[in-house]
Amino acid sequence: MTTTQIQDEPTTAPKPTIRRTRPTKVRESLVDRLFLIGVYALLITFLLVVLLPLLYIVASSFSSPGAVSAGRVFLWPVEFTLRGYEVALSSPKIMRGFTNSLFYTVVGTLISVTLTVMLAYPLSRADFVGSKVLTGAVVFTMLFAGGMIPTYLVVQAMGMLDTRWALLIPNAVAVWPAILAITYFRTAIPDEVREAGEIDGASDIRILWKIVLPLATPMLAVIALMYAIVQWNSYFDALIYLRDESLYPLQLVLRNILILNTDGGGDATSSLERQQLANLLKYSLIVISTVPVMLIYPFVARYFTKGLLLGAVKG
C-alpha cells in the first residue's frame with residue numbers, strides 16, 4: 001500500500017458517547033408538602049365559594065317560579081323555562097336602564113381614563129415642579145373625603161342635578177387607578193424613550209400620544225376595566241342625583257323592581273304568583289346585569305395581569 005492510498009482513505013474518529021442523565025428530582029420535605037396541600041385546599045375553597053353561588057343563580061334563572069319559591073333548585077334548573085328572561089327583556093324600564101348603563105359605562109370610562117392619564121403622566125415626570133406635593137395631595141383625598149352633603153352641594157351648584165353628567169363627572173377620577181398609572185409611567189416607561197422624542201423635536205403631547213400611551217396599553221386596560229366595573233355596578237350616585245326615571249341606570253331599575261316591589265293589591269292567588277315571579281326575576285336580572293362584565297373581562301384579562309405586575313418589581 002502506497003503513501004497516496006493511505007492518505008486517500010478517510011479516517012473515522014470514534015464518536016464520543018453521550019450519556020443522558022436524568023435530572024435529579026428534588027425531594028420535598030414534609031413541611032413543604034403540607035404547605036402545598038394547604039394552598040390547594042384554600043384555592044379550592046375560594047373557587048367553591050365563588051362558583052357555587054354563581055351556578056345557583058344561573059340555575060334558578062332558568063327554573064320555574066314555583067320551583068324557585070319552593071327552594072327546589074340547587075345547581076341545575078328545575079322545570080326549565082325562559083319566563084324570567086322573557087319578562088325582564090320585555091320590560092321597557094329594564095331595557096332603558098340597560099341602555100343608560102351602557103352609555104354611562106362607555107362614556108364614563110373614556111372620561112375617567114383620559115383624566116387619569118392627564119393627571120398621572122405629569123406627576124410621573126421627575127422634572128415636573130411640585131410633583132411630590134401634588135402626588136401627596138392626591139393620596140390625601142383617598143384617606144379624607146369631603147363627604148356626601150358637600151359633594152351634593154357642589155353637584156347642585158354646577159347645575160348637574162338630574163342630568164347624565166352627575167354620574168360621569170363627580171367620580172371621574174379615582175385615587176387608586178391614578179396611583180397605578182403614576183407608578184407605571186415612572187417604572188415601566190424608560191426616560192431614554194422620552195428623551196429620544198424630545199431630541200427629535202416632538203412636543204410633550206406628541207410624546208404622550210405617540211410613544212408613551214402605546215407602551216402603556218396593559219396599564220390602560222387595567223384602569224379601564226376598573227372604571228368600567230365601578231360605573232356599571234354603581235347605583236348610589238343615581239339614587240342621590242337623579243329624579244328622572246328615564247335616566248336611571250340598570251342597577252337602580254333593578255333595585256326599584258326587587259326591593260321596592262311591595263304592591264299587595266289583588267287576591268291571594270295573584271299575589272302569590274307575583275311573589276313567585278319576583279323571586280324568579282331576581283335571579284334573571286342578576287344574570288342579565290352580570291353578563292356584560294363577564295363578556296368584557298376575557299378580552300382584557302391578559303392585560304390585567306401584565307399591567308398589575310409591570311412596574312411592581314424593579315430590576
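This is a predicted model: local features need pLDDT of at least 70, side-chain atom pairs count only at pLDDT 80 or more; totals for chains, interfaces and linings use all residues.

Visitor: How much of the protein is buried?
Guide: Buried residues make up 30% of the 315 residues. Buried means under 20% relative accessible area, exposed over 50%, and partly exposed in between, with a 1.4 Å probe and protein chains only.

Visitor: How many helices and strands?
Guide: The protein has 14 helices and zero strands. Helices (H or I, at least four residues) and strands (E, at least two) are DSSP runs, numbered from the N terminus.

Visitor: And what share of the contacts joins residues at least 24 apart?
Guide: The share is 71%, among contacts between residues at least 6 apart in sequence. Contact means heavy atoms within 4.5 Å.

Visitor: On to the largest nonpolar core. How many residues has it?
Guide: The largest nonpolar core has 30 residues. Val-73, Ala-88, Ile-94, Tyr-104, Leu-242 and Leu-285 have the most contacts inside it. A nonpolar core is a set of buried Ala, Val, Leu, Ile, Met, Phe, Trp, Tyr and Cys residues joined through side-chain atoms within 4.5 Å.

Visitor: Which helices supply at least two residues of this core?
Guide: Helices H2, H3, H4 (83-89), H5 (92-124), H13 (250-258) and H14 (268-309) each do. The largest share, seven residues, comes from H14.

Visitor: What does Leu-285 touch?
Guide: Leu-285 touches Ala-88, Ile-94, Leu-254, Ile-257 and Leu-258, not counting residues up to four places away in sequence.

Visitor: Helix packing next. What is the angle between H5 and H13?
Guide: H5 and H13 pack at an angle of about 150°, with their axes 7 Å apart. That makes H5 roughly antiparallel to H13. Axes are lines fitted to C-alpha atoms, for helices over the stretch in contact, and angles run from 0 to 180 degrees between N-to-C directions. Angles under 35 degrees count as roughly parallel, over 145 as roughly antiparallel, 65 to 115 as roughly perpendicular and the rest as oblique.

Visitor: How do the residues of that H5 and H13 contact divide?
Guide: They divide into five nonpolar, three polar and one charged. Ala, Val, Leu, Ile, Met, Phe, Trp, Tyr, Cys and Pro count as nonpolar, Asp, Glu, Lys and Arg as charged, and the others, Gly among them, as polar.

Visitor: What about H8 and H11, how far apart are their axes?
Guide: The axes of H8 and H11 (residues 217-233) are 10 Å apart, at an angle of about 180°. H8 is therefore roughly antiparallel to H11. H8 brings Trp-176, Pro-177, Leu-180, Ala-181, Tyr-184 and Phe-185 to the contact, and H11 brings Pro-218, Met-219, Val-222, Ile-223, Met-226 and Tyr-227. The residues of this contact divide into 12 nonpolar, no polar and no charged.

Visitor: Now Ser-63. Is it buried or exposed?
Guide: Ser-63 counts as buried, because its relative accessibility is 0%. Ser-63 lies in the loop between H2 (30-61) and H3 (65-70).

Visitor: Which backbone nitrogen lies 2.9 Å from a polar atom of its side chain?
Guide: The backbone nitrogen of Val-78. A polar contact is a pair of N or O atoms within 3.5 Å; within protein, one must be able to donate a hydrogen and the other to accept it, and residues adjacent in sequence count only if both atoms are side-chain atoms.

Visitor: Which residues have a positive phi without being glycine?
Guide: Glu-79 is one of them, with a phi of about 55°. Asp-162 is another, with a phi of about 60°. Glu-79 lies in the loop between H3 and H4, and Asp-162 in the loop between H7 (148-157) and H8 (175-187). Glu-79 is partly exposed at 47% relative accessible area, and Asp-162 is partly exposed at 31%.

Visitor: And Leu-168, where does it lie?
Guide: Leu-168 lies in the loop between H7 and H8. At 3% relative accessibility, Leu-168 counts as buried. Its C-alpha atom is separated by 8.9 Å from that of Thr-105, 63 residues apart along the chain.

Terms used. Residues are numbered from 1 along each chain as its sequence is written. Side-chain values use heavy atoms; hydrogens and water are left out.
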